[in-house]
Structure formats: C-alpha cells, structure tokens
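Reader: I am new to protein models. Could you show me how to read one, feature by feature?

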Amino acid sequence: MPNIAEEHFSLLWPRHVEGMIALLSELRDAFGGDLDAALIMAVVGAALLPADRLPVSFSYADLLARKNIDFRKPLNTLSIAQVTGIPRETVRRKIAKMEEKNWIARDSKGHWQIGSRGSEDLRPMTELSLKYISSIAEGLDLARNGKADALRII
C-alpha cells in the first residue's frame, strides 16, 4: 500500500522540489557557497530546539518572543562531526568562521549554541524553511481532504 507521498506524488513532489531548491539556494548564498557550514548550523539549531524537548504548543512566535529559551541538548564539535559525517577538523574550521561572525558561541560548559548574531542574520533562512514546511503541509492537507486537483505548487 503506497504512503501519502507516493499516492499524491504529483501534488507533493513539485512543492518539495521547488521549496528545497529555494531553500538550498538561499542557504548557499548566506553561507558563501558552503553548504557544509549550513549543515553544521542546522545541527546546532537542532540541538537548541530538539524535537523531544519542545512543547507541542511551541510556536515560531514563541521562539521570537523569548530570549532565554533553554530546551537544548549539549553539543560539541565531535558530536557535530558524527551527525554530519564531516571530518572533525573540517567542522572545527567551519565553526571557527561562524564563531567569528557570532553565529555560534560556546556556552559556559563549552557546548555550541546559537550566537548573538546567528538568529538575526539567518532569520530569512528560518522563515524560508517555514514557508517550505507550510507548502508541504498544505499539500498534505489537500491530499487528505481529496482536493488533489487544487493549486499544485506554491
């Protein structure tokens, strides 16, 4: 039995591809062509807001409104290397560049977290990600409600 993505491929695939192209293009630009650095930043962000610790009702507005949110899991350079498959020394070099920009910083225990400029400088990428997720969610909603002939692409 096909899953919803297989069954509604023509509705969901174009949304995914167009959203992914837009997101990767913006990330490539923001990170000076370095998609490995973007991946590293994504891992740092995922440790800040891990799925298993976020309240179900937590919204993007909540994130923007709160300065001292602490759901994070400890994250060090070795962990980033293991999650991404990027060699540890390469991760260190890329982190050093992001640290210079204040996109990431070490906390009092030496763990990586989003730095003072990271959230602001990279907010357009977060908002583009939300647009991408919303497009997929809208497509799933259309598929589930039998409206597959409705607007197909964002």
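Author: Start with the elements. Helices (H or I, at least four residues) and strands (E, at least two) are DSSP runs, numbered from the N terminus. This is a predicted model, in which local features need pLDDT of at least 70, side-chain atom pairs count only at pLDDT 80 or more, and totals for chains, interfaces and linings use all residues. Residues are numbered from 1 along each chain as its sequence is written, and side-chain values use heavy atoms, with hydrogens and water left out.

Reader: How many helices and strands does the chain have?

Author: Eight helices and two strands. Read from the N terminus, the order is α-α-α-α-α-α-β-β-α-α. The C-alpha trace spans about 50 × 35 × 30 Å along its principal axes.

Reader: Where does Asn102 lie?

Author: Asn102 sits in the loop between H6 and E1. Its phi is near 65 degrees, which is positive in a residue other than glycine.

Reader: How do I read burial?

Author: Buried means under 20%, exposed over 50%, and partly exposed in between (1.4 Å probe, protein chains only). Asn102 has 39%, so Asn102 is partly exposed. Ser116, in the loop between E2 and helix H7 (118–121), counts as exposed because its relative accessibility is 61%. Of the 154 residues in the chain, 29% are buried.

Reader: How do I check the length of a helix?

Reader: Which residues of H6 are buried?

Author: Thr90, Val91, Lys94, Ile95 and Met98. They cover an arc of only 130 degrees around the axis, so they lie on the same side of H6. The arc is that of the directions from the helix axis to the C-beta atoms. Here is the general idea. An α-helix has 3.6 residues a turn, so residues three or four places apart point the same way. On the other side of H6, Lys97 and Glu100 are exposed.

Reader: What covers the buried residues of H6?

Author: Look for contacts, meaning heavy atoms within 4.5 Å. The cover includes helix H3 (35–48), helix H5 (77–84), strand E1 (104–106) and strand E2 (112–114).

Reader: At what angle do H3 and H6 pack?

Author: First, the method. Axes are lines fitted to C-alpha atoms, for helices over the stretch in contact, and angles run from 0 to 180 degrees between N-to-C directions. Under 35 degrees counts as roughly parallel, over 145 as roughly antiparallel, 65 to 115 as roughly perpendicular and the rest as oblique. H3 and H6 pack at about 80 degrees, with axes 10 Å apart. H3 is therefore roughly perpendicular to H6. Asp36, Ala37, Ile40 and Met41 of H3 make the contact with Val91, Lys94, Ile95 and Met98 of H6.

Reader: Which residues of H3 meet H5?

Author: Leu39, Ile40, Val43 and Val44 in H3 meet Ile80, Val83 and Thr84 in H5. The angle between H3 and H5 is about 115 degrees, and their axes are 10 Å apart. These two helices are therefore roughly perpendicular to each other.

Reader: How far apart are Ser116 and Leu39?

Author: In sequence, 77 residues; in space, 19 Å, C-alpha to C-alpha.
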